Amino acid sequence: MSLQIYNTLTRQKETFKPLVEGKVGMYVCGMTVYDFCHLGHARAFLAFDLIVRYMRHIGLEVNYIRNVTDIDDKIIKRANENGEPFLDLVDRFANAMNEDFDQLGIGRPTHEPRATAHIDDIIKLVNTLIDKGFAYAVPNGDVYYRVRKFEGYGKLSGKVLDDLEAGSRVDVDTDKEDPLDFVLWKAAKPDEPHWESPWGIGRPGWHIECSAMSTCCLGETFDIHGGGPDLKFPHHENEIAQSEAATGKTYANTWIHAGALRLGEEKMSKSLGNFFTIRDILEKYDGEVVRFFLISSHYRSHVSYMDNSLDEAHSKLERFYNALQEANVGDAADIDNEYSQRFHAAMDDDFNTPEAIAALFDLVREVNKTTGEEQQALAGQLKYLGGVLGCLQADPQTFLQAGAGDEAAWIDEMIAKRIAAKKAKDFATADAVRDELVAKGIVLKDGPEGTVWTKS
């Protein structure tokens, strides 16, 4: 296999070799569902959707696990503010997340486990860590992980324990042995959701949830663990510490982290208040436009969002769809030529979408230069390779006319008026109609089957 993937753990590209030939176990940390997803979330989950799509394209069977965190401080706080049961809040925003992701072409995972369905697994894992001396319970019912006992702590993030200690503080009213220790199980506060445990009623800490769910779904060692850029530390570092201390085995062989979406110099995030929800954006732009913008950069790079970013993405997609419409392409089919070879070489090189898309733009130029059967074949290849990226599968005319809104009926009336004028040899009126449409950004194309229009 020629697929190369950058492994955050080893800090280098490696030839990908799954544990079981032809099969991939992949776990990606999903959403904590207490609000609508924003465009930064779309950036991360589109990256992993792209990775899964390409792996399946090259013949790998991917068992893709993406969890839902359905119990944490933010969920409890928001549910209390709304005066609703926390699981009702979770269900509402999990459904909204999937609706938004569907419009972006983000495929559903193979399984989508929820933390509250794995409480028994979490308790069992915490007990194992206590038995092995890696965790300890304190009198109030909290359970903590002994960070210093795990020799490999910091291997993913590059963090050094002494540096972490210098910047840490001891929380007020805690019985932690060390300020670096983190919570595995939280004693319940009054009126909080809780479960019975050997340490009293409580609920799981955030980090332990993913260790339990990933192990239950994929086994003690699996191929790929992924997530957003802010999860490398402490979340993923803590997952490794918990899981490897419990099993004595490597947790995940390859670690993949997506880049952040930035507004100016800041990462888009709810905590900073500088975000657009996916729903906000989809009111103005087609989901494919948003998808194309976000996958046009390498998945590990930081993407800067500016006011014209989505307009530029729309213009680029129009070039592809204009070529597909001109060729009147039907079925998608690949051809073993330089464009296919360049596309696959780029994607095999750590999913290098900028280079893959560059090959598609060169293919568009070739489509536009040819005619007849050759043009149709190349256009079919363009549609096929675009489909690998989750793009170019819409009806070209439908995409190109999108955005006209209420103007569509008026445009059709004007085209009919122009056709009637041409039949009457009133070319001055026909030209005037065309000029009026062009002034409003409407492009007309006359062909054997009549006149079609697109919105520029």
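**Close-up views: salt bridges and cores**

**View 1. Asp73 and Arg203 join their side chains in a salt bridge, 2.3 Å from N to O.** This bridge spans distant parts of the chain, from Asp73 in helix α2 (residues 73-82) to Arg203 in strand β8 (residues 202-204), 130 residues apart. Helices (H or I, at least four residues) and strands (E, at least two) are DSSP runs, numbered from the N terminus. A salt bridge here puts a side-chain nitrogen of Lys or Arg within 4 Å of a carboxyl oxygen of Asp or Glu. Arg203 is buried because its relative accessibility is 3%, whereas Asp73, at 42%, is partly exposed. Buried means under 20% relative accessible area, exposed over 50%, and partly exposed in between (1.4 Å probe, protein chains only).

This is a predicted model, in which local features need pLDDT of at least 70 and side-chain atom pairs pLDDT 80 or more, while totals for chains, interfaces and linings use all residues. Residues are numbered from 1 along each chain as its sequence is written, and side-chain values use heavy atoms, leaving out hydrogens and water.

**View 2. Arg434 and Asp446 meet through their side chains in a salt bridge of 3.3 Å, N to O.** Helix α16 (residues 427-439) holds Arg434, and strand β14 (residues 442-447) holds Asp446, 12 residues apart.

**View 3. Met26, Met55 and Tyr145 touch the most other members of the largest nonpolar core, which has 126 residues.** Helix α1 (residues 39-57) gives the most to this core, with 12 residues. Such a core is a set of buried Ala, Val, Leu, Ile, Met, Phe, Trp, Tyr and Cys residues joined through side-chain atoms within 4.5 Å.
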